Amino acid sequence: MDDSANNNNNHDTASASSCVNSSQQERSKEEQELHELVVPDLRDLPVTPSSAVDSNFVCYFAPDFMKPGHDQYIYRHANGLCVIGLAPTHVALKEKGVTAIDFNVGKSDRSEIRVSGKRKKNAQHFEANTALCKVCTGDAYYIVRCCVKGSLLEVNDRLIDQPGLLNSSFCITG
Amino acid sequence: MSSYTEVSQVNADEEAHFVAASEVAQVDTNNKEAAQSIGEAIPSLPPHVVKDLLSIGVCVRCIFRFFGVRGCAYSCLSLLPSDLHHSSVEESKDSHDCSVGFCFKASENLNCVLAFQESEDEPVFCSICLGILQFAYSKEKEMLVKKDSASEFAVSIAELVKQEGHQIESFSLEVSVPPIILANERAIWLYMKTKYGSESWFQEKLLTEHTSVKDALKLSIMDSLGSFLFGTGSEDNLVAPGSEFSEQSAREADAVFRRSLDGLPDHLFCERFTLPPERVNQPCHLAFQCYRTPIYIGGRYLKYSRNVSQTRWIIDDERMGQASVEEIIGSNMLPILRGDDYKFHAAGREDIDVRMLGSGRPFLIEVQNARDVPSCVAVKQMEQKINNLEDRLVAVKNLKVVGNQGWTLMREGEAEKQKQYAALVWISRPLEEEDLLTISSFKDMRILQRTPIRVLHRRSPLEREKIIHWMKVEKITGSSQYFLLYLCTQAGTYIKEFVHGDFGRTNPSIGSILGCRAEILQLDVTDVKMDCFLTE
């Protein structure tokens, strides 16, 4: 706050600065009140909160889907959308882990599909046994299936460049 | 039976004042002007045609319309023969000698002719305007009403308006009439053309240039309606916007009728319609409606609850959440304004579990047909009433009546404005000093967000670039893994997804920046940086 005084206008400046003072005081009072509202009571918080996935999705597992060791997860949101992925116990994630992923299976390259608009035009209809992609470990490849009947909206194309995500951050970003 | 609807819209800002004395004087002056105008018009009417038209059931005002009489002639309150006679006699005293005889002669003829009409036993309803310009109409239970004059009709309309109890300063009148009248007018014109087409007075333009039934009705009653409602009337006879949906569809149907009629050549028209139009035994139905154009009340709201949605949210007959901001504010305002209904509009929205704190979010309540426009004091009282509700779920600030500009104020810049948030974040490892510095160092950071999965079912799958203007971490004493994250972002940023990453679909995210798993437990909006409805 600038208290530069013109001697002639001392009175004015003083009252002006007191005006500024009080509005500043009011502002910081508001900020204090806001702060009090925002800061939580630790006693109400769990030591480890549930994750966003657990809170918003129903988690299903499909162990040994069509083949032994092919364990996959299906996270279903209340709005009907599902996220499909490899469960941590999937045979591909053992030993050295996944080295590459290929979305070109069946009749088309799944990573090339472009779904547009609210009505999700161009989404391909899949059955439970439709192949989504192939994951390759050093010496073998495994087919990942859809597990549910529905339309494919999107694939995780980050896995093309970073297949290692499947090994490290499975269930979250893989 | 044909029907016509008459809608009177009333719009105003301040209280009405009633000046009784001047209204009588006004009416008198109008009458004199009207009488003068009629006195001038009558000589131009060929008497044999007038007689013919009267005999086939055309009313006096429709005759005037057909001969192109305009303007204030229609506002003559009553078209009784005796009035006409008197006024033209007075006029003739002042006018030149050569025209005296002419005036007399024409009015005498008209007199006789009108007397002819009056001597009939049955009330005759005009075969063109179906009784509209004779101020005769049917009400719901087959009841026939016939007013003797325009002013009587205006009085009955004014009574209906006063019953609603609006506080008004001005009004506008909207009339819609059955489209068959168009066909009737054309039928009469073709009949006239066939019979009198060769005569000198017949002009081709008569069909298109005459005053319409709507305009004639408005001209007849506007001034007296204005006088009865308050001292002055509205000059503006144009249709006011905001009519009800049924009005709209009626107008569209009329437009279709008009178009098909225009497309019909004369010879085909003569085959389908009788020339001249048949006599009618019953007038049309009159439906009257009176409502005020919507008023807007703007302000900012705060939401203190994590279980209150912004708008009413009902799925399968079950309400989601405890209440809604829309209903809390609207239902407390509506009875004070004595309105029919309200609509809630807000500048953006927040999830049901997100609180709206700080300066609040701008909103607008649109009230339909408010009987009372609140004064400043009343608005303050409304604000206090809402803020003192027992639940304290919602509060409002800076409430005031706004004009139409409130709408544009809110919408403009909605997408560009910045928002500030406070988020309670948990990470899967202890927070370090380095993290605080890392996070504060980002200024105007660009992030790419794919449409979050939780809304992907109803929004387009797109990748949107958003800007995080700044961030700040505040440690929470007693916890190493919980902290408060303050951030300021571009409008339209999904904060929750920015924290947990949404399966890596939002990049970068707090999780990716700190290299661990991050979860968001609570979110509060602390500031909506917009210029409207701020504390003055």
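Q: How far apart are the end C-alpha atoms of helix H9 of chain B, and what span should its 17 residues have?
A: Helices here are DSSP runs (H or I, at least four residues), numbered from the N terminus. The expected span is 1.5 Å times one less than the number of residues, so the 17 residues of H9(B), 213-229, should span 24 Å. That agrees with the distance between the end C-alpha atoms, 23 Å.

Q: What should I keep in mind about this model and its numbering?
A: This is a predicted model, in which local features need pLDDT of at least 70, side-chain atom pairs count only at pLDDT 80 or more, and totals for chains, interfaces and linings use all residues. Side-chain values use heavy atoms, without hydrogens and water, chains are lettered from A and ligands numbered from 1 in the order written, and residues are numbered along each chain from 1.

Q: How many of the 17 residues of H9(B) are buried?
A: Buried means under 20% relative accessible area (1.4 Å probe, protein chains only). H9(B) is mostly covered, and its buried residues number 13.

Q: Which helix gives the most to the lining of the second largest cavity?
A: A cavity is a set of points on a 1 Å grid over the protein atoms alone where a 1.4 Å probe fits but cannot get out, and lining residues have an atom within 4 Å of a point. Among the lining residues here are B:Cys62, B:Glu185 and B:His210. With three residues, the top contributor is H3(B).

Definitions and conventions:
1 Å grid on protein atoms, 1.4 Å probe; cavity = no way out; pocket = protein on both sides within 12 Å on 5 of 7 lines; lining within 4 Å. Helix = DSSP H or I, 4+ residues; strand = E, 2+ residues; numbered from the N terminus. Buried < 20%, exposed > 50% of the residue type's maximum accessible area, 1.4 Å probe, protein only.
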